[in-house]
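Work through the exercises below with the sequence and the model open. Try each task before reading its solution.

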Amino acid sequence: MKAIVVREYGGPEKLSYEEETDPTINESQVLVRIRACSVNRRDVLTRIGQGLKIPLPFIPGGDLAGEVVSVGTSVEKFRVGDRVIAYPRLPCGKCKPCLSKQEDLCAHSSIMLGAYAEMISLPEVTLLPIPPNMSYDIGASIPIDFITAWNLLVTIGKLDIGDTVLVYAGGSGLGTSAISICKQRGAEVITTVGEEWKIDRAQAAGADHVINRKKEKIAESIMRITSGKGVDLVLDHVGAPTWQESLHSLREGGKMLVCGTTGGNQASIDIRQFYSKKLSIHGGLLGPREDLVTVVKLFEEGKLSSVIDSLFKLEDAAQAHSKMEHSEHFGKIILKPR
Ligand SMILES: NC(=O)c1ccc[n+]([C@@H]2O[C@H](COP(=O)([O-])OP(=O)(O)OC[C@H]3O[C@@H](n4cnc5c(N)ncnc54)[C@H](OP(=O)(O)O)[C@@H]3O)[C@@H](O)[C@H]2O)c1
Ligand SMILES: [Zn+2]
């Protein structure tokens, strides 16, 4: 099969399109022909060797959709030809969190890789069927961003009708997913963008208010928009450049939901403001498999949607990464194997 392989950490040119050995399956695994995979900032970071350092060489990618081409002898739920997506983590399936459907808390789990390829073998338990009305491109756009946004906003943040939410980077994969979830729950969304052309796109994606982060001070704009009250929730995946803005933007008792550091890892906070406003800060990494089931159902019912920015051939993964690193995208970038 053809796949993108990273043999050295570095720039987009390190994404090498190569002939690889076809994956094989054991009795509990399923072989999937990948029809679409999506690009995440995580793939850029692992390519550079930042954050989680994946041992070399590796095939990047954790978001995929495809069809089943063969199944192991003990596989019960899938047959050849089924259309599937995957829960993007490999939990142990045996520990207490796994047995209580909190796979995201499994200490023995590992990050899923290998989606930038024509085929992948996966344990049956990670797979989920996709509905007939869902394309492979949409399927591949869902898992990492929607599970994370759902877990933080709905499960941890208790997002409610009428809440006001600040979602950073309305054009990011995570941002478009979070906006869709907020609108589905009846919340008001304020988002940020780094370019004027993204304002219309953010409004079309459902944002009620859009702040150009390069022209406005975020917390000041939030206070103007909310008449000095502040927002109920902030979804912060930017990190160092935005933490202070996030704390200033929250109302008394508001929650800051954190899942990324695109702009840097080290932030300092005004501790007095933090406790005197009775704020709370919650971290999140993905979420349980059950959240993916919930989200896919809402997609099937037309209650959630993804924004697709562009499609690239798998062999052009370097161009796709370059587009993401220059923030020239709005929504998900999809890679298509042949
Ligand atoms: N914890 C988890 O489980 C989890 C899951 C998914 C994603 N994440 C994290 O969430 C982040 C977003 O991921 P993604 O794949 O959606 O990324 P993405 O599509 O590449 O979007 C990142 C966007 O952030 C904006 N940005 C960059 N610097 C900024 C700054 N200083 N201030 C405000 N906005 C800034 C840029 O948009 P503009 O230029 O338009 O502002 C950029 O396009 C990443 O850090 C990723 O690792 C974590
Ligand atoms: Zn486990």
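**Exercise 1: Backbone exceptions**

P57 lies in the loop between helix 1 (41–48) and strand 4 (64–71); helices (H or I, at least four residues) and strands (E, at least two) are DSSP runs, numbered from the N terminus. This is a predicted model, in which local features need pLDDT of at least 70, side-chain atom pairs count only at pLDDT 80 or more, and totals for chains, interfaces and linings use all residues. Residues are numbered from 1 along each chain as its sequence is written, chains are lettered from A and ligands numbered from 1 in the order in which they are written, and side-chain values use heavy atoms, with hydrogens and water left out.

Task: Describe the peptide bond from L56 to P57, then examine phi at A169 and at K278.

Solution. 
- Step 1. Start from the background: most residues other than glycine have a negative phi, and most peptide bonds are trans.
- Step 2. Read omega for the bond from L56 to P57: the value is near -10 degrees, and the bond is cis.
- Step 3. Go to the loop between strand 10 and helix 5 (173–184), where A169 is placed. A169 is not a glycine, yet its phi is positive, about 50 degrees. Its relative accessible area of 24% makes A169 partly exposed. The classes are buried under 20% relative accessible area, exposed over 50%, and partly exposed in between (1.4 Å probe, protein chains only).
- Step 4. Go to the loop between helix 9 (271–276) and strand 15, which holds K278. K278, also a residue other than glycine, has a positive phi near 55 degrees. K278 is exposed, at 52% relative accessibility.

**Exercise 2: The faces of helix 7**

Task: Which residues of helix 7 (residues 218–225) are buried, and which are exposed on the other side?

Solution. 
- Step 1. List the buried positions of helix 7: I218, A219, S221 and I222.
- Step 2. Look down the axis of helix 7: the buried residues fall within an arc of 160 degrees, so they line one face of the helix. The arc is that of the directions from the helix axis to the C-beta atoms.
- Step 3. Recall the helix geometry: an α-helix has 3.6 residues a turn, so residues three or four places apart point the same way.
- Step 4. Turn to the other side of helix 7, where E220 and R224 are exposed.
- Step 5. Identify the packing partners of the buried residues: strand 10 (164–167), strand 11 (188–193), strand 12 (209–212), strand 13 (231–236) and helix 8 (243–249). Contact means heavy atoms within 4.5 Å.
- Step 6. Check what comes after helix 7: S227 follows, with a positive phi near 55 degrees.

**Exercise 3: The whole chain**

Task: How many helices and strands does the protein have, and what share of its residues is buried?

Solution. 
- Step 1. Count the elements: 11 helices and 17 strands.
- Step 2. Take the burial share: buried residues make up 54% of the 338 residues.
- Step 3. Consider contacts with a separation of 6 or more: residues 24 or more positions apart account for 69% of them.
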